[in-house]
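Student: Could we go through this one together? I'd like to see how each label gets decided.

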Amino acid sequence: MDIDASEVRGIINQYINEPDGRVSYILETIQRKYRYLPEEAIRIVAEELEVPLTQLFGVATFYAAFSLEQKGEHIISICHGTVCHVKGAKQVSDAFCRELGIKEGETTPDKLVTLEQVRCLGCCSLAPVISVDDEIHVGMTASRVPQIIQELRGGGQ
Amino acid sequence: MSILEELKAKGNGSLYPDKVKILVGRASCGKASGADKVYNTFIDAVEQQGLDAIVSSSGCLGFCQQEPLVAVQFPGGTRYVYHDVDVDLAGEIATALENNTLPNRQVLGKEEEDELIVYGTTNQFAKKTNFINELKQVPYLNKIPFYALQVKIATRNCGYINPASLEEYVARGGYEALRKAVSSTPEEVIKEVKDSGLRGRGGGGFSTGQKWEFARKSVSDEKYVICNADEGDPGAYMDRSLLEGDPHTILEGMAIGGYAMGAETGIIYCRAEYPLAVQTLQKAIKQAEEAGFLGENVFGSGFNFKLKIVKGQGAFVCGEETALIASIEGKMGEPRPRPPFPAVSGLWGKPTNINNVETWANIPPIVTRGAQWFSSFGTEGSKGTKVFALVGNIMNNGLVEVPMGTKIADIVYETGGGCGGYALKAIQLGGPSGGCITADMLDLQVDYEVLKEVGAIMGSGGMVVMDERTCMVDVARYFLDFTQGESCGKCTPCREGTKQMLLLLNKICEGKATMADLELLEELSLAVKDAALCGLGQTAPNPVLSTLKYFREEYEAHIIDKFCPASVCGALVVAPCQNTCPAGIDVPMYIDAIKQGNYQESYDIIYRDNPLPATCGRVCPVLCARRCRRGLLDDAIGIRELKRFAADKVFAGDVKVTPPAKRKGKSVGIVGSGPAGLTCAYYLAQLGYDATIYEALPVAGGMMAVGIPEFRLPAAVLNKEISLIEAMGVKIKTNVRVGKDITMKQLQKDHDSLFIGVGAHKDQALGIPGDDLNGVVSGIEFLRDISLGKEVDLTGKTVIIIGGGNVAIDVARTSIRLGARAHIVYRREEKDMPAFASEIHEAREEGTQFTFLAAPLKVVGNKKKKVKQIVLQSMELGPYDRSGRRRPVAIKGAEITLDADLIVPAIGQEPGYDKIDEELKLNKSRSNTLVVDKRSMITNIEGVFAGGDCVSGPATVVEAIGAGKKAASAIDKYLGGDGVLYQAVEPERKLVGAVAEAGRLVKPNCMPLDAKRLKSFDEVEFAYTEEQAITEAKRCMRCDIKESDDDETGSCGHCPGCGC
């Protein structure tokens, strides 16, 4: 993936003057732009912030939000929180895995969808819960899965 | 006018406008339930249709399961809250409002006053509204069970203000506390917080005031206050609700904290998974800055304070203080050893104080109302209130804020409404760091120390209710999976320890573990708890230790019996129905055989595991159907009716039984010819043993023969099944009462092993004056006499039956057929009756009268000492007992007198032994049942086994069958065999023919309810017709078919056409 170094520097400059949490904001913004953290981008950040590359590599691999591999256009997060688990998150997850032909943590070959596991989206009273990009779907059942995927395939949200 | 007064005036105008205001709950739960569409419907009504109203949004009122929640408020302030509002109802409300009325459906409650916690005052609203049809019979919102026990201090504004409105926040007392604080000294503020008794609400439970004091004492040019809004506990979301519903309370709390501790910078560390919370906070910070509540020279005090937001990028461990700090510093969230504590050296090495969202939210009211007010709530050691996320298998799901010291039973049964039909099993408190409590511990109060003592924790307030459908081993595994994945990896005990614990738990759930593994798991748990660096590792073993403490038997079942009692662990479960059946019948396969038209095959499959299919097909309570997955979609499968269909079909023709050729040359004596004894004898005979049953009564069958009436189980059907058992080689000697006609010692001489299955045939006495009068007949005796052919005419007589179980119902329906008026008296309510719902229904249809909440006081006789009347004590429902039902309590002076000819107590049975228990010196329990090893069914006497009702207490036919099989296997082992009852062959499980996508339970035909039926002892229910049977069989979803070999998903690998 081609990185626009000047854009990355632009992102860094937005946050560089506030040390509290700047790494989090910078990486989050880069991740949103490229759908992952390209190595080149991380190197630029390390250089500009004057922090060791290993520190940033650690951060990139430590937090669930960051990825060193490009994610799909759409991210489906299946909540496996306690209540969702008790109420059938496994069945919902299996349905997605079947429909998409991938396992949790993987991306479809056409890079359309990344299926992820998340622990607690905070809508426990309405379990099972998933999110499709930023939209939360509650009371999920396996039978609703094909339609959700259909909507993503047929023109995107 | 000061800034506060100015904003307050605006806010009041916005809170209580002089037109109708519609407030739609649009926090995350609301949005996810469709609140945005509802909101837009109202906006349209105003903009396009000219509805004269203001439409606004609010945060979460707490009753999340009933979202979308909409409050319709009238000028003056009275408001009605609607629940489960969809676009249609919204449209109806809008239309009705135009006619000065409101629809009277889905109204949760009304409010005619508004308590302002910060001020300690209450706004009373005018009771009159200018509205023609005031809604009738709408309860006050704060009196409905969900809200009745709640005291909203932290969540005081959620659902009442628009979180985007600073003015509304101020109008309800906002920033008054900050003003007061900065005009006092920091020491005064800290003292107030200390004296209030507030303890950390994130889980640590440390004294907040003391923590503030430490931070204040540290000398430094820079200090930080931080809000921990990482809320990583799965199942807890109260912080999210506060951030989205009342962001300013956190800002204000933190500003007060900053002032008290001498910090000029505050950071809210909010997890990125809460985008709406982050947005809401950003807006609020800007507003507060513009108003001067944040920034330079707050309230002219010289105090400067700025707030910023840092996002957590997805790591549970960052909920731990030092890991959180590392995260803000741009590093991995690895905890650091303490000391030094953050109050001394925290963020960037400066003194730092971190508090949880809910803790901050409590600060403003503590400052305005004072420590004494706050500490008037709660217990000695735990003051104030706590917000709990009451979720899981509970009727009323949502966020509840109750005073500390509230009993958990009250939260679960009153506020939560109980589990709804399923038995409560455990409550998980405190998330992955917490532990569970069991159903008989619900008298516990919510208090930090009380919960710690029992191995649980308050934690962040997660309260996950689990019922009988939950496997506690799976729960422990689930939590370990979580904490192991979230372990930062820095310290060996956590990194390696949780991994190994998880591997062991996986092994257990797959049925591959040994008892040595269990020991190792426990040892590891204690080691990790002791040695881990931070709270994550130190508490990760808690769910394991807690479930081991209270559910050890469940672990042992997985290990020793390779059995998952809750039917959850996929590797151990064929299907929930088969797994739940005490006899282990391969339900899906026999249902499929019927679907394919192979009735003999269906019968054979059943018969392999149950030698009484025609009987069970009529009387089984189908514990299996309770777990039937089809029941989640529409109705559970008619498993019992299908069993009967197969049995009746085969019985219509010739049934052959072939006794084994090879004999063992050993003999077993069985006492009692009930289902336990018959089953035990049958399997032993099949293995080649000589089995002889000794039966005291003139007929064989135990309770099946003399307890269950003819119209439910015809003697002809039962006797046919018994004759097949005899054809297998079992000898039955009736009219032989062991203990009287023959001694146990003699039986021990005559046989190589003995099985006792004497059942529970003794009715408990009423124990009241007059219970020995002529005309008081025990339920069992009554039914037995009729079954044995006694001629009884009860024409015109009144029979009063005391009890609520199947015996009571059977007596009532039998009495009616003998010409009597039947009247059942039960001490609790109908929904608490242990009898089958269908039986209660039939009894009522046939004319049985019912009186609930009444208990017998005395029986009154006439001069001839014959029953004349019974006097009953009226009861009302008192506090909850361990079974989750409310205990009936006498209403003083309230009595009912009923005329009666016959009084029949049916209040419970216990075993009678004819002294054979004394003869052998058998160990018994407190309820007079025999004590046996639960796996081998052996008593304390060598070679003597027991099972059925005499061991379990009154239970069911199928459970007795299961016990008989276990005993047969154990006796075979005892006598030198391998304990294998038959060679099991794993059938090919595949779906042939589609599953019916829609369709309710097919109901079998019955005798029409007319005068003829009420005089007849003929069977009331008929067998399915062939068409009915096949239609019903097609509804089975074949949960026994797994997708692939390594598929361990629950108990159904794929759902061919299901929506569960």
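Tutor: Between chain A and chain B the count is four salt bridges. Keep in mind that this is a predicted model, where local features need pLDDT of at least 70, side-chain atom pairs count only at pLDDT 80 or more, and totals for chains, interfaces and linings use all residues. Residues are numbered from 1 along each chain as its sequence is written, chains are lettered from A and ligands numbered from 1 in the order in which they are written, and side-chain values use heavy atoms, leaving out hydrogens and water.

Student: What makes A:Glu28 and B:Lys311 a salt bridge?

Tutor: Their closest N and O atoms are 2.9 Å apart, and the limit is 4 Å, so the pair qualifies.

Student: How many residues does the contact take from chain A and chain B?

Tutor: With contact meaning heavy atoms within 4.5 Å, chain A gives 41 residues and chain B gives 60.

Student: Why is B:Arg477 called buried?

Tutor: Buried means under 20% relative accessible area (exposed is over 50%, partly exposed in between; 1.4 Å probe, protein chains only). B:Arg477 has 17%, so it is buried.

Student: Which residues does B:Arg477 touch, not counting those up to four places away in sequence?

Tutor: B:Leu502, B:Leu505, B:Asn506 and B:Cys509. B:Cys509 is 32 residues from B:Arg477 in sequence, yet 8.3 Å away in space, C-alpha to C-alpha.

How values were computed: A salt bridge is a side-chain nitrogen of Lys or Arg within 4 Å of a carboxyl oxygen of Asp or Glu.
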